[in-house]
Amino acid sequence: MAYALNRQLWRQAALALALLVPSLAQAAESAAVTSPRVTATLLSSRDAVAPGERFQVGLVQKIAPGWHTYWANPGDSGEPTRIAWTLSQGATASEIQWPAPKAIPVEPLVNFGFEGTVLLPVEIAVPAEAKIGERLTLQAAATWLVCEKICIPEEGTLTLNLPVAPAAIVAEAAQSRIEAARAALPAPAGFRGRLAAEGEALALTLPGLPAAATELRVFPLSDTLIDHAAAQEVRTADGATRVRLARSSAFKIAAGEIAGVLTYREGGLSRALTFAADVDPALVGAAAGPAAAPAVPRIPLPAEGVDLTLWAALLFAFAGGLILNLMPCVLPVLFIKALGFAQLARASRSQVREQGLLFLAGVLVTFMALAGLVIALGAFGTSVGWGFQLQSPPLVIALAVVMTLIGLNLLGAFEVGTSAAGVGHGLAGRGGRLGAFMTGALAVVVATPCTAPFMGAAIGYAVTQPPALGLSVFLSLALGFALPVVALSFAPGLLRLLPKPGRWMLILKQAFAFPMFATAIWLIWVASVQAGPGGVLAALVAVLAAGFIVWLVGVARNSGRGRLASSLVALLIAVGAGWFVTQSAVPELAQARAGDTQVWSPERVAALQAEGRPVFVNFTAAWCITCLANERVALSRQEVKDAFAELKVVYLKADWTNRDSQIAFALAEQGRAGVPLYLFYPGRQGAQPEILPQLLTPDMVVTAATRAAGKEVRTANR
């Protein structure tokens with residue numbers, strides 16, 4: 001009697017304390033981990049726990065419309081939600097108690113998972129020796145894969161600190177939610193099934209299902225049993241239900257029993273049962289062939305902090321666009337704009353500002369066009385990524401031709417819109433306006449091979465958002481990119497610092513031709529990587545044809561009769577050269593080209609980690625200037641090679657020079673939409689990779705390699 005009274009007094013005292021202390025009053029639910037796709041919290045059925053008791057917690061996932069997470073068997077692709085627990089000494093946590101899944105079609109596949117809001121219950125056991133007045137710490141490191149047309153791995157650490165009291169204090173609202181979720185869990189079936197072969201298919205006999213059951217679906221726990229997307233034929237005979245199931249292409253049964261969940265409808269209500277079935281001995285150990293690669297590459301999850309808010313993404317995009325002006329692929333084009341401003345240094349302010357605004361318009365229109373195409377293709381399930389246009393050898397060759405012609409124009413081989421004698425006023429005319437706009441457009445096109453700091457995360461965020469939000473991020477990137485030129489056009493004081501127009505401008509103009517030729521050489525090299533010797537031949541033919549066309553048009557410019565004939569000849573040459581380029585510049589299969597590198601695949605990463613080998617993955621492309629710079633400055637350095645050899649690091653290269661949907665998927669899973677991306681996997685099976693910055697140094701790579709190998713951190717200089 002006295003003991004019961006003391007328990008009641010303790011309960012009332014603890015409840016009063018909970019009402020007075022806000023942190024206790026909110027103890028039933030952890031702080032949320034939020035992304036644009038999932039909001040996750042940890043819910044407790046207790047505000048205070050008692051020594052030795054068992055109670056329920058639940059991982060709650062609020063999933064954005066159109067997205068889904070995964071069941072224990074994810075179906076044709078995906079990964080189930082997992083929780084790694086860190087608990088107070090002596091406490092234990094059960095496995096996730098899985099709700100009944102839904103079959104989610106993602107043509108042509110079918111996934112097993114959850115949409116909307118799902119609560120995953122887990123039972124916690126409090127140690128009997130827990131002391132009154134202390135706290136029970138529950139820390140859940142949860143990882144999940146959330147998918148729509150692309151898949152994004154996410155994670156978060158959720159923490160609860162519950163006071164230990166003589167008597168448990170129930171969190172009524174939380175307990176009601178958890179109990180409702182547990183009541184909806186699949187109930188044990190009151191029968192045992194049998195699985196046997198039926199020709200090339202399987203027959204699952206279920207003797208105890210209600211005769212009125214409809215819309216029956218079998219969800220096996222094994223992902224190597226059935227073809228998840230195939231129709232399940234149901235028939236009833238001799239009082240038993242028999243389900244015909246198509247075998248998986250990776251069919252395999254290792255034991256004499258299978259288990260899973262059955263869902264069906266009865267009397268208009270949804271039902272779910274857990275079942276077990278005996279397997280015909282002839283099926284045990286049988287296989288239908290090698291396991292097929294999963295539809296979604298199962299790449300370990302990135303580190304925390306990948307998700308950005310909209311405002312952070314806008315800021316990152318603006319800063320990335322600003323820094324992009326310093327990249328070597330952009331500077332040659334900006335030389336043209338600098339020359340134009342030098343020519344207008346003594347012109348009216350309105351002319352200079354007009355040039356700056358037209359340049360801005362060219363940047364904005366081109367950025368929005370490319371971004372809109374990336375987002376639109378992504379909406380239809382085609383992940384192309386930023387810089388996708390340079391994965392087309394004919395377009396790369398076309399840019400090389402444009403750069404060559406610009407260089408020839410700057411040298412005075414031919415003139416467009418003005419004459420050499422008119423340097424200084426040509427940009428003020430009609431041709432100058434068009435030239436300012438096209439300079440902005442061209443700057444954007446040749447800027448896409450470069451990735452400035454902050455850009456990768458911002459673009460990765462943009463392509464996973466609704467179109468309006470995604471375009472706003474690209475708009476911020478465009479504004480940052482155009483800012484220096486526009487600011488210069490509105491700062492006449494800076495322009496007046498330039499020398500007066502004179503012969504120096506002609507010399508400078510001719511000097512600017514050579515960065516254009518250098519860019520053309522680089523683009524032809526990119527074409528050679530993409531399409532081999534045929535790409536080089538196509539590029540040289542295109543340059544020759546373009547030069548001849550320009551010369552022919554120039555010769556016939558003042559000839560009345562000859563102009564029409566020369567135009568027809570020029571058109572025929574252009575068509576013929578275009579046909580030759582498209583036929584000759586055919587993409588070849590991209591291969592790793594560095595001496596000590598291997599070709600990347602998700603399966604190769606998993607196999608190497610299983611061997612205990614640390615793995616470095618370089619997501620790169622021949623047209624990515626930032627990638628090439630990192631290889632020259634850091635990855636090809638001898639101290640880095642020595643460190644990789646000493647630490648037994650395997651270097652894998654994922655070459656995105658030509659289109660590769662598997663690489664595009666892998667980039668999307670890491671929250672990126674383009675290259676470069678550098679991942680360092682520790683030499684432990686299933687360990688998560690470290691994402692390195694987009695600009696590398698030798699010390700940075702060596703230090704990351706040391707961490708991945710689990711050794712004492714050292715640098716390239718030690």
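Helices here are DSSP runs of H or I with at least four residues, numbered from the N terminus. Keep that in mind as you click around this predicted model, where local features need pLDDT of at least 70, side-chain atom pairs count only at pLDDT 80 or more, and totals for chains, interfaces and linings use all residues. Residues are numbered from 1 along each chain as its sequence is written, and side-chain values use heavy atoms, leaving out hydrogens and water.

Start by selecting helix α19, residues 698–708. Eight of its eleven residues are buried, meaning under 20% relative accessible area with a 1.4 Å probe and protein chains only (exposed is over 50%, partly exposed in between). Color P698, V701, V702, T703, A704, A705, T706 and A708 to see the buried ones. Now step past the helix to G710, which follows α19 and has a positive phi, near 75°.

Show side chains for E639, V640, A643, F644 and L647 of α17, plus P698, V701, V702, A705 and T706 of α19: they make the contact, which means heavy atoms within 4.5 Å.

Last stop: pick V555 in helix α13. Is V555 buried or exposed? Exposed, with a relative accessible area of 52%.

Key: Helix = DSSP H or I, 4+ residues; strand = E, 2+ residues; numbered from the N terminus.
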